Amino acid sequence: MTGTRHRTVRVNGLDVFYREAGDPSAPTLVLLHGFPTSSVAYRTLMEDLADEFHLVAPDYPGFGLSSAPAAHEWEYTFDRLADVVDALLDELGVTRYAVYVHDYGAPVGFRLALRHPERITGIVTQNGNAYEEGLTPFWKPIRDYWADPSKENGDALRGLLTRDATHWQYTHGVPDASLVDPALELHDQALLDRPGNQEIQLALFLDYGTNPPQYSRWQEYLRAHRPPLLAVWGRNDEIFGPDGARAFARDLPDARIHLLDAGHFPLTTRLRQSAGLIRDFLRGLSD
């Protein structure tokens, strides 16, 4: 049961691809990916943890191997992404789980937590932000787009969808860039370069503006339900800075916070360290 299974199911009228590993009777960790990647980011972590845990990692619509309807045919919002993941977990019968959130995974995961607080056994956040303190100057042109969603401001963000930008996401803040497998970058970029995908990503850049206003609700959820939380964060990330990790302690004084010598994608260069911390954290969770 430790080998990874690769499946696609029909959910809300879309084909949704997901990876699954481990014994379904074991404690479950749902892994929610960020931009610009997909569940492929979790292949090695899933293999590492599958001897002890049940792992499920979906691709959102518009990402990875899931359906990618055109932006004018499907509403690409974080509410809709959460709807699809929620429906997928129902389809799979997953009703109690810890959630791992990275980047876009945070707004998806916290939406699920608000909907079903009784289902969440714990939260692993790896550069998955829930505080204004975590938003770095990187967000300035995206904030401009939120304030004025003009074609000009949208076009100014297309540079974030290029090969150079994807390479930067993987390698900035990394002490030794030779540890980053370029195949991951090439995989992500090939999917970004699909016809129509830039419009999908611009729609999500715009809708990301709905997330900071919800931070107070997510923080209230943390205070009210006190889920065990592990923040295992790349401290050199120039997208979601380390203050975003430290801020969790304000609402969860017992949060475990580890700042790693890594950038935005700690799993690419600090896999063993991350996996060890995650394994130890998951072992401490109880129903």
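Does Arg279 count as buried or exposed, and what is its relative accessibility? In this predicted model, Arg279 counts as buried, because its relative accessibility is 14% and the cut-off for buried is under 20%. Side chains of opposite charge can pair when their charged atoms come close. The structure contains 26 salt bridges in the count, and the points below look at some of them.

**Asp51 and Arg279**
- The side chains of Arg279 and Asp51 form a salt bridge, with 3.0 Å from N to O.
- This pair links distant parts of the chain, since Asp51 sits in the loop between helix H1 (43-49) and strand E4 (54-58), while Arg279 belongs to helix H13 (residues 271-283), 228 residues apart.

**Asp261 and Arg235**
- A salt bridge joins the side chains of Arg235 and Asp261, at 3.8 Å from N to O.
- Asp261 lies in the loop between strand E8 (256-260) and helix H12 (266-269), and Arg235 lies in the loop between strand E7 (229-234) and helix H10 (243-246), so the pair ties together parts that are 26 residues apart in sequence.
- Asp261 counts as partly exposed at 27% relative accessibility, and Arg235 counts as partly exposed at 38%.

**Arg158 and Asp155**
- The side chains of Asp155 and Arg158 meet in a salt bridge of 2.9 Å, N to O.
- Arg158 is partly exposed, with 23% relative accessibility, and Asp155 is partly exposed, with 28%.

Key: Residues numbered from 1 in each chain as written. Predicted model: local features only at pLDDT ≥ 70, side-chain atom pairs only at ≥ 80, totals over all residues. Heavy atoms only, no water. Salt bridge = Lys/Arg side-chain N within 4 Å of Asp/Glu carboxyl O. Helix = DSSP H or I, 4+ residues; strand = E, 2+ residues; numbered from the N terminus. Buried < 20%, exposed > 50% of the residue type's maximum accessible area, 1.4 Å probe, protein only.
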